[in-house]
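Reader: Please present the predicted model first. I shall then ask about particular residues and elements.

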Amino acid sequence: MKKFLLVCIALLSIVSTTGIHADYIYWANYTSGTIGRANADGSSPQPSWISVSSSPVDVVHNDTHIFWGEYTANTIGRADIDGAGANSSFITGCANPSYIAIDSNYIYWCNVTSNWIGRANLDGTGVNQNFLMVGSNPRDITVDSAYIYIADAGGSIGRANLDGTGYNQYFMSGLPSSVIGVEVDSSYIYWTQYTSNWVGRANIDGSNYIPSWISGCSNPYLMALDGTYIYWTNYGNGTIGRANVDGSNVNQSHMSSLNSPAGVSVRLVPTPVPEAGYIY
C-alpha cells in the first residue's frame, strides 16, 4: 500500500489578510492651494502633490480618484488616485463647498453659504445642489452604511437617512460651539472643537459623549480614521496629529511644517501576512 508523506512547508506564497492599514495620508493646504501626500507614517511628504485652482478645504478619496472642495472657486475637484488628470471644475455651481464625503455610490458636500447638502453620482453626473436642507453653519459631513452626519458650528451634530429623509439637526446637541469636523466608525462618532482645542467622542447612537476626549490640539479642523489610528489637522500650528483609535498615545505633531492643513484623508489597503502552507 502506497503511503503519502505529509510535508509541511511554511511561509509559502499563500497570503491572507488580517485587517487594513493606511499606506498614504493626504491633506488639503488651504492657503497654498495644494493637496499634499505622504506615507502614512509621515515620511516622504509632498506638500504640493496636486496644485488646484483655489483654497482647498476637505479631501477624500476612493480606490480610483481623489476629490476636494474648493471654497472660493465654488467647485469640487477630482484627480486620478496617482495625482494625474487634476480637474478643479469636476462639479460646478456649488456655494462654498468646503466639506465633502463619499460612499460607494455618491459624493456629498456642504454648500456652506446656502445651508444645503449637495449630492452627485461619483462620476459627476446627476448633480443636485439642494439634496438636503440643514440648519445654519453646516461644516463637515460624513456617511456610513445607514446615515449622513453633519457637523454644525453652532454646537450640534445632525443626522439623516442616506436618501436625505428623517433629518434631525440635533441628533447630538449641547456640544461646545465651533464643532467643525465629524467622523464615524462602527462604534463611535468623533468630532473636532476648533476653539476648545479638543477632539470629542461619543457612542455611535450619540450617548456618553466626551467633549475633551483628546485635548491639547491647536484649532483642530478635520479628521480621518484607518481602524488603528485617528488623525486630525491642527490648523492653528500647521501640524497633523495622530493617536491610537482608543485615544491613547497622542502625538500632536505626527506631521509638521504644513501650510494651513484643513482636510485629511488616509488610504486603506489590506494588511497581508504569510500563511503556512502544506503540500500533500
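**Questions on the model**

Reader: Does Tyr-106 count as buried, partly exposed or exposed, and at what relative accessibility?
Author: Buried means under 20% relative accessible area, exposed over 50%, and partly exposed in between, with a 1.4 Å probe and protein chains only. In this predicted model, Tyr-106 therefore counts as partly exposed, its relative accessibility being 24%.

Reader: On what basis are the values given, and what is the mean pLDDT of the protein chain?
Author: The model is predicted, so that local features need pLDDT of at least 70 and side-chain atom pairs count only at pLDDT 80 or more, while totals for chains, interfaces and linings use all residues. Residues are numbered from 1 along each chain as its sequence is written, and side-chain values use heavy atoms, with hydrogens and water left out. pLDDT is the predictor's confidence in each residue, from 0 to 100. In the protein chain, 88% of the residues reach 70 or more, and the mean pLDDT is 90.

Reader: Over residues 1-17, how many contacts does the model have beyond near neighbours in sequence?
Author: The pLDDT over residues 1-17 is below 50. Where pLDDT is low, the predicted coordinates should not be read in detail. With contact meaning heavy atoms within 4.5 Å, the number for this stretch beyond near neighbours in sequence is 32.

Reader: How many helices and strands are there in the protein chain?
Author: Helices (H or I, at least four residues) and strands (E, at least two) are DSSP runs, numbered from the N terminus. By this assignment the protein chain has zero helices and 26 strands.

Reader: What is the arrangement of the rings of Tyr-106 and Tyr-108?
Author: Rings of Phe, Tyr and Trp (its six-membered ring) pair if their centres lie within 6.5 Å; planes under 30 degrees apart count as stacked, over 60 as edge-to-face and the rest as tilted. There are 14 aromatic pairs in the structure. For Tyr-106 and Tyr-108 the ring centres are 6.2 Å apart and the planes stand at 65°, so the arrangement is edge-to-face.

Reader: At what distance from the ring centre of Tyr-229 does Arg-242 lie?
Author: A charge sits over a ring if NZ of Lys or CZ of Arg is within 6 Å of the ring centre and within 35 degrees of the ring normal. Arg-159 lies over the face of Tyr-147, 3.7 Å from the ring centre. Arg-242 lies over the face of Tyr-229, and its distance from the ring centre is 3.6 Å.

Reader: Which backbone nitrogen lies 2.7 Å from a polar atom of the side chain of Thr-192?
Author: Thr-192 is placed in strand 18 (residues 188-193) and is buried, because its relative accessibility is 0%. Beyond four places in sequence, Thr-192 touches several residues, including Trp-198, Pro-220 and Tyr-221. The backbone nitrogen 2.7 Å from its side-chain polar atom belongs to Gly-181.

Reader: What is the phi of Asn-208?
Author: Most residues other than glycine have a negative phi. Asn-197, in the loop between strand 18 and strand 19 (198-203), has a positive phi of about 65°. Asn-208 lies in the loop between strand 19 and strand 20 (210-214) and is exposed, with a relative accessible area of 56%. The phi of Asn-208 is positive too, near 55°.

Reader: What separates the C-alpha atoms of Ile-107 and Val-127?
Author: Ile-107 belongs to strand 10 and is buried, with a relative accessible area of 0%. Ile-107 and Val-127 are 20 residues apart along the chain, and their C-alpha atoms are separated by 9.5 Å.

Terms used
Polar contact = N/O pair within 3.5 Å; in protein donor to acceptor, adjacent residues only side chain to side chain.
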